[in-house]
Amino acid sequence: MNTNLKISNVTKIYPGCVANDNVSLEFNSGKIYALLGENGAGKSTLVKILSGVIIPDEGKIYLNENNLKLNSPLDAKKNDIGMVFQHFNLFETLSVFENLIIDSDEQRESLREKIDTIMKKYNFSIDLDIPVLNLSAGQKQKVEIIRCLIRSPKVLIMDEPTSVLTEQETSELFLSLKKFSEEGILIIYITHKLKEVMQLCDEVAVMRKGKLISVSEIKNENIESLANKMVGQNLKTIKKKKAKTSSDKLIKITNLNFTSEDPFETNLMDINFSVNRGECLGIAGISGNGQSELFQVLSGEIISEKDSIEFNNNYIGDLSPQERREYLMAFSPEDRLEQAAIPQMKIFENVALNNFKSSNFFNNGLINENKIKEHSKKIISDFNVNTDNIELKSQFLSGGNLQKLIIGRELITSPDLLICFNPTWGLDVGAINYIHETLIKINEQNKSIILISTDTDELLKLSDKISVIHKGKLSKIMNAEEVTSEKLGILMGGAN
Amino acid sequence: MIKIVKRDQPSRAIFFFTPVLAIFLTLVAGGLIFFILGFKPFEALKFFFIVPIADKYGFSELLLKATPLCLIAIGLSFCFKSNNWNIGAEGQLTFGAIVSGGVALLFYEQEGFYILPLVILAGAIGGMLYASIPAILKTYFNTNEILVSLMLVYVSKLILDYLVVGPWSNPEGFNFPETRQFSDSAKLPLLFEGLRIHAGIFLALAAVVISWFVFYKTYLGFQMKVSGFSLKTARYAGYKGKKMIILVFLISGACAGLAGVGEITGPIGQLHREISPDYGFTAIIVAFLGRLHPVGIIFASLVVAITYLGAETAQIFMQIPKYTGQVFQGMILFFLLASDYLLFFKIKFIGSKK
């Protein structure tokens with residue numbers, strides 16, 4: 001039986017932003033469709049409309065010629081539309097089986113049989129009776145998929161499913177998705193990763209700034225053509241020159257451990273590494289493997305043994321972030337809106353968060369506003385932040401501009417070492433390029449970087465040396481030239 | 001058709017307008033309640049809000065009641081601005097009063113210029129000591145400061161009870177639950193002959209000026225602002241979080257303690273069972289009605305002080321229980337929280353589409 005899903009003239013307007021501008025699309029079962037676009041292009045809004053989470057201002061959805069009224073996620077389920085979100089909606093402490101039956105009113109026994117059949121059919125092996133928190137990200141995703149399959153959906157929507165998966169888990173997922181498609185389930189795959197689109201999909205719809213830009217068959221496209229459609233401009237590729245080898249150690253971490261009281265944090269075990277001047281050390285890993293804890297230990301938000309961190313021949317393990325800044329370290333955390341900056345405060349106030357003694361922002365406990373403002377203007381012009389009003393609240397800056405402001409704030413004191421955590425997460429390609437160029441420039445000035453990132457391509461592009469963090473342990477440090485993304489994938493999954 | 005739309009950003013004008021709107025809605029709702037009870041609404045509101053402050057004496061009473069409210073609310077705003085929820089100002093007031101009363105009783109037969117400063121200082125220290133308990137438990141043992149500070153209120157009231165009926169009760173007092181009268185040197189001077197308003201008002205005004213300066217001009221104020229928005233950011237910036245928690249609790253406790261001093265060394269001049277008609281709790285409403293801004297708090301404390309006076313007048317002239325005052329205080333907070341909705345949403349009137 002064929003499934004036909006039609007989106008007709010859908011518009012959704014938020015204050016100050018048209019998330020979907022008169023989008024019309026048609027899907028047929030038997031094919032895998034990619035919905036491609038940058039963050040903020042409107043693809044998430046569109047699939048949230050399909051799954052009943054958001055109600056569009058205008059437009060209609062048809063499934064096999066029937067006009068669907070999707071006022072809630074339940075309506076979508078009833079109409080055989082299944083969706084797997086980027087962030088899992090699972091109860092960590094309940095068992096897999098309990099999670100699967102939680103929204104079903106069928107008999108437990110018959111459900112169990114049904115689940116067993118599904119697992120056998122698609123070669124999933126998950127213990128149904130262990131709590132979900134013991135599962136890997138890939139397994140959790142399978143649980144979400146099974147939850148959809150129980151209802152034998154006609155349409156399955158996957159929202160950025162690979163962001164938490166290893167290379168190996170990704171290829172397993174792709175096999176399953178192809179199988180579903182062969183069985184007649186219509187698959188819509190949302191992503192901003194071009195490689196995946198080329199690998200998996202049959203047709204691709206590209207969105208940009210809320211508008212549908214093109215619909216085409218994969219065989220007529222290649223990575224460059226898709227990238228240009230997605231970004232709307234021709235991209236220049238940046239490449240890093242190999243760093244001058246120096247053996248001058250800037251920072252050395254010795255036997256660093258961190259044990260958390262919070263069961264949802266990761267313990268760090270026996271971390272050892274060093275970074276030379278002018279070098280970029282990349283730390284890869286799937287998110288949630290201790291990156292955030294490692295960042296905090298390095299920045300001083302978490303204090304450790306004094307001699308576990310040696311920086312510029314000083315032991316600084318027990319110093320606070322502010323004290324470490326005085327030793328010429330700088331930090332750019334992952335969370336721009338909740339940690340690195342305060343959206344409700346003005347730009348110049350956010351600049352004052354990096355309080356460096358010699359910048360004289362605060363004299364004798366008093367605020368020196370003129371000094372801060374002067375400094376802010378310099379950052380804005382030096383780092384291309386697209387505004388000239390430092391009194392603007394920083395919530396009105398785009399993600400890219402905010403990140404430029406943050407990186408600028410950290411770099412304007414010309415630190416010896418910049419530690420950054422997912423610096424380009426969620427940014428548009430223009431801003432990503434700018435940040436990458438900036439980071440390369442720092443290395444060229446013989447300053448060092450520790451780059452913690454979940455984006456393998458970024459790491460391969462910028463790093464001189466790479467290590468992988470898995471469950472709070474670091475792998476051995478490798479030269480970037482010897483590393484491929486496949487090899488990283490294996491290490492990220494925990495194998496040796 | 002009416003449609004509710006989210007605002008792009010909270011409006012600054014609305015931010016200061018909603019307290020006024022809340023007061024207006026409280027008046028309307030209050031009038032309605034009076035009407036249901038069988039009174040003429042306008043007359044009742046006149047008794048409640050205008051008669052009490054129509055003469056010099058009434059105005060002095062208004063300032064007398066507004067003084068502790070303003071002082072405590074200023075202290076509380078240090079806590080609230082930095083994400084610390086001190087609900088126990090009433091307890092800090094009581095304990096401050098106990099300590100300063102204790103010092104005043106030590107000197108009950110003596111006169112001297114040095115006594116009053118000692119008494120005032122003792123009150124501030126008492127309040128600080130009492131506020132330091134939830135602060136230290138929060139910083140070192142991760143307890144919830146809301147619960148601890150609140151429960152300590154009842155502890156302090158029981159301590160006061162014990163002292164005024166037991167060891168500190170007036171030997172010549174026929175077993176009334178009160179202490180001796182303080183000597184004149186231990187009392188805050190009255191400002192005008194025949195009126196009860198006393199020098200404590202200057203303490204409140206000083207607190208307003210100092211707090212404004214700290215909030216908007218100092219590094220401490222900046223750190224409080226950052227911590228109030230995001231503790232994660234404060235930690236990232238390297239602010240000493242624990243130190244700040246303790247500091248704001250101490251400031252807040254000192255202010256509440258000083259308010260306690262004002263209550264016992266002002267017109268009354270002794271310790272007794274009920275030194276405060278819940279000023280410490282009402283000041284929470286004052287702090288938020290004043291938007292945690294020192295100037296806003298002055299106005300808010302005056303408005304809320306009227307409800308205390310109005311309740312008394314209404315009891316005398318209309319035979320309504322004086323607890324009506326608390327009803328009005330509750331309504332102000334309720335309407336303030338409700339109209340805060342307008343900060344983030346706006347109401348749009350659209351002609352029906354045909």
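I count two residues as being in contact when their C-beta atoms, placed from the backbone, lie within 7 Å. I also keep in mind that the model is a predicted one.

Entry on the domains of chain A. I looked up the domain assignment, which gives domain 1 (4-231) and domain 2 (249-492) in chain A. With that contact criterion, I found eight residues of domain 1 of chain A in contact with nine residues of domain 2 of chain A. I then took the centres of the two domains of chain A over C-alpha atoms and found them separated by 34 Å.

Entry on chain A as a whole. I listed 17 helices and 23 strands in the secondary structure of chain A. Its radius of gyration is 24 Å, close to the 23 Å that the globule rule gives for 496 residues, so I record chain A as being as compact as a globular protein of that length. Along the principal axes, the C-alpha atoms of chain A fill a box of roughly 70 × 45 × 45 Å, and 44% of the 496 residues in chain A are buried. Of the contacts in chain A with a separation of 6 or more, I found that 68% are between residues 24 or more positions apart.

Entry on A:Asp270. I located A:Asp270 in strand β12 (residues 268-276) of chain A, and I call the residue exposed because 11 other C-beta atoms lie within 10 Å, the cut-off for exposed being 12 or fewer. Leaving out residues up to four places away in sequence, A:Asp270 touches A:Asn255 and A:Asn257.

Entry on the contact between the chains. I found 17 residues from chain B and 22 residues from chain A in this contact. In chain B, β1 (2-6), α8 (219-229) and α9 (231-237) each supply at least two residues of the side that touches chain A, and by class that side has eight nonpolar, four polar and five charged residues.

Entry on helix α13 of chain B. I checked the length of α13 (residues 324-339) of chain B, and its end C-alpha atoms are 22 Å apart, which agrees with the 22 Å that its 16 residues should span at 1.5 Å a residue. The buried residues of α13(B) include B:Phe328, B:Ile332, B:Phe335 and B:Leu336. Among the elements covering them I noted α1 (12-36), α11 (279-289) and α12 (294-318) of chain B.

Notes. Residues numbered from 1 in each chain as written. Chains lettered and ligands numbered in written order. Predicted model: local features only at pLDDT ≥ 70, side-chain atom pairs only at ≥ 80, totals over all residues. Helix = DSSP H or I, 4+ residues; strand = E, 2+ residues; numbered from the N terminus. Nonpolar A, V, L, I, M, F, W, Y, C, P; charged D, E, K, R; others polar. Expected span 1.5 Å × (residues − 1). Buried ≥ 20, exposed ≤ 12 C-beta atoms within 10 Å, placed from the backbone. Domains from an automatic or database assignment. Rg over C-alpha atoms; globule rule 2.2 N^0.38 Å.
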